[in-house]
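Student: I'm new to this one. Could you walk me through how to read it, a feature at a time?

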Amino acid sequence: MDLESAARELYALLPGDFTAARNAKAKEAAQDGDKALAARLRSLPKPTAAAWLLNMMARHRHDEIDGVIELGAAMSQAQQELDPDQMRTLGDQRRGLLSAMALSGRQLADELGHPVSSAVVTEVEQTLRAAMSDPAAGAALASGLLTESFSSTGLDPVDLDGIVAVPEAVGSPAPASAAPTRRSPKAPGRDELAERRTARADRAAKQEAEEAERRRRLARAEVEKAEQRKEDAEAKEQKVLDKLDQLQNRRDALAGELTELKQRIEELKREVAATDRKIEAAEEDLVSAARTADRTRKAAAAAQRELEEQA
């Protein structure tokens, strides 16, 4: 085990696996008696989220990283030759390439099962921009051993102190996954640059088309979900309307019954009043009959006494 190969293995891991793997390698080196290597390994810092993604791009998107470095070289050449038209053209290409690379980086993070935030993607784009302005920064980017992201004012060289885990490995190619080993960048001619820019533009257009298709698929899915939600809402609305109709019909029936009951109550009140009057008349008849009966009883008693006296 040597420091560079061990570092490349470590900086190819997911962030959550880094610390345990680093400590294990340091322990292994110590057990092998290489205390200096063990100390170097233990001192390797865990990469920031942006540095991790940039390292993954150096491994899995090495052609695109080559494109960043080559476009930076072309822009430097155009500046040296004071070619304003070429500088404007390359500036437009830089904006398109940075946008495509930011999208590519986000997609790569998703593919690797470690999505990143928009802030991390912004850091990645700033680092790619800085790598275009400084060949040393481009080499650091290509190493795949970044510990943190970096930026540039465009005027001074990029401060790379502590940026690369193994500084002496800068310039060595980062191993690519299932792809040919990345070639060290060289100064290309104008025709070759044009061909590469066209190829990069085609890749960027393809990526943009794929992203547009992904957005369309998401939009279609959202439309389908919205349609389903609408159908569910309409079904629920119809169910409520049916229930409301049932309740309204029941209310109308009860209101009808109540009206009939009120009418019956009025009739019963009238019948009660008439019966009360009849009761009063019957009570008066009863008094009169009682008086008549009393007189009759008295007359009968008198007649009986008179009859007894004559006997």
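**Reading helices, burial and salt bridges**

Tutor: Let's start with one side chain: Glu271 has a relative accessibility of 43%, so Glu271 counts as partly exposed. The scale calls a residue buried under 20% relative accessible area, exposed over 50% and partly exposed in between, using a 1.4 Å probe and protein chains only. Before going on, note that this is a predicted model, where local features need pLDDT of at least 70, side-chain atom pairs count only at pLDDT 80 or more, and totals for chains, interfaces and linings use all residues. Residues are numbered from 1 along each chain as its sequence is written, and side-chain values use heavy atoms, with hydrogens and water left out.

Student: Which side chain does Glu271 meet in a salt bridge?

Tutor: The general idea is a side-chain nitrogen of Lys or Arg within 4 Å of a carboxyl oxygen of Asp or Glu. Here, Glu271 pairs with Arg264, at 3.9 Å from N to O. Arg264 is partly exposed too, at 39% relative accessible area.

Student: How many salt bridges does a search of the whole structure find?

Tutor: Eleven. One of them links Asp294 and Lys298, whose closest N and O atoms are 3.4 Å apart. Both lie in helix α9, four residues apart, which is about one turn of the helix. Asp294 is partly exposed at 30% relative accessibility, while Lys298 reaches 54% and counts as exposed. Some bridges share partners, and that joins Arg264, Glu267 and Glu271 into one network.

Student: What about Glu266 and Lys269: how far apart are their closest N and O atoms?

Tutor: They are 3.9 Å apart, in another salt bridge. The two sit three residues apart in α9 (residues 190–310), so about one helical turn separates them. Glu266 is partly exposed at 40%, and Lys269 is exposed at 52%.

Student: Now for burial. Is Leu128 buried or exposed?

Tutor: Buried, with 0% relative accessibility. You'll find Leu128 in helix α7. Contact means heavy atoms within 4.5 Å, and beyond its neighbours within four places in sequence, Leu128 touches Leu54, Met57, Ile65, Val68, Leu98, Met101 and Leu141. Take Leu98: it is 30 residues away along the chain, yet the two C-alpha atoms are separated by 7.1 Å.

Student: Which other residues of α7 are buried, and what covers them?

Tutor: The buried set also includes Val120, Val121, Val124, Thr127, Ala130, Ala131 and Met132. Their cover includes α4, α5 (62–80), α6 and α8 (135–143).
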